[in-house]
Every structure is written in structure tokens, then in C-alpha cells.
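Please examine the structure shown below alongside its sequence. The paragraphs that follow lead through it step by step.

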Amino acid sequence: MTRSLTAPRLGPGVFAGLSEAEDASLASECGRDNPATTCTESRVETLRLYNTVADVSWIAAAAAGITGVILLFALPPEASATDAAWITPWASPVAGGLAAGGSF
């Protein structure tokens with residue numbers, strides 16, 4: 001049996017992108033690009049929510065990755081079958097996909 005370490009987390013990238021879009025929208029409507037007006041608290045709440053979710057998501061992804069690495073080295077190796085195949089999803093802030101491999 002082959003051990004595989006994966007922590008697919010799309011949250012940080014998705015919410016970071018949403019945060020950037022919301023920040024740009026606020027900047028043009030009532031922020032740094034339009035200094036004559038200021039944003040109300042209710043307009044800024046969505047941006048704060050996206051920022052918080054993005055931060056929590058990347059922290060959770062980092063914790064899962066660290067836990068996986070620790071377990072990878074802490075657990076004893078399992079007996080391996082002669083034929084094994086695996087498929088694993090992967091993600092980064094800018095891309096995602098599937099990785100496949102095996103031993104035959």
C-alpha cells in the first residue's frame with residue numbers, strides 16, 4: 001500500500017481572489033481611488049469576511065500539511081503490494097488538478 005500526502009485546499013486562493021475583487025470595487029467606489037468619499041462599515045463587512053475566511057483557510061491548509069508530514073515520518077511503513085496505483089487531487093493558489101501514479 002502506498003502512502004500519499006495531500007491537503008487540497010482551494011479556499012485560500014478562492015477567497016483571496018474574492019477579497020482582491022471586493023477591495024478593488026471598494027477602492028473605486030468609496031476608497032483610495034475616490035478620496036472624496038469614505039466607505040461605510042456595512043460596505044467593508046464583505047471584504048473583512050473574505051479576508052478572514054482566506055486567512056483561516058490557509059492556516060488550516062498549513063496545519064493539515066504539517067500534520068501530514070509529521071504522520072508520514074512518525075507512522076511505521078506499511079507492507080507494500082507489488083502492484084499499486086494512486087490518484088491524488090492537488091491545489092495551489094493559482095492552479096489545481098489531479099496527479100496519478102503507481103508501481104507495477
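Strands β1 and β2 form a hairpin, with 4 residues between them. Here helices (H or I, at least four residues) and strands (E, at least two) are DSSP runs, numbered from the N terminus. The model is a predicted one, in which local features need pLDDT of at least 70 and side-chain atom pairs count only at pLDDT 80 or more, while totals for chains, interfaces and linings use all residues. Residues are numbered from 1 along each chain as its sequence is written, and side-chain values use heavy atoms, with hydrogens and water left out.

Two strands count as paired if DSSP finds at least two bridges between them.

Helix α2 spans residues 41–74, which gives 34 residues. From its first C-alpha to its last, α2 reaches 48 Å, close to the 50 Å expected at 1.5 Å a residue; the expected span is 1.5 Å times one less than the number of residues. Val-44, Leu-47, Ala-54, Ser-57, Ala-61 and Gly-68 of α2 are buried, where buried means under 20% relative accessible area, exposed over 50%, and partly exposed in between (1.4 Å probe, protein chains only).

The structure also has 1 disulfide, a term for a pair of cysteine sulfur atoms within 2.5 Å. This disulfide joins Cys-30 to Cys-39, with an S to S distance of 2.1 Å. The link of Cys-30 and Cys-39 is right-handed, with 95° about the S-S bond. Cys-30 counts as buried because its relative accessibility is 9%, whereas Cys-39, with a relative accessible area of 25%, is partly exposed.
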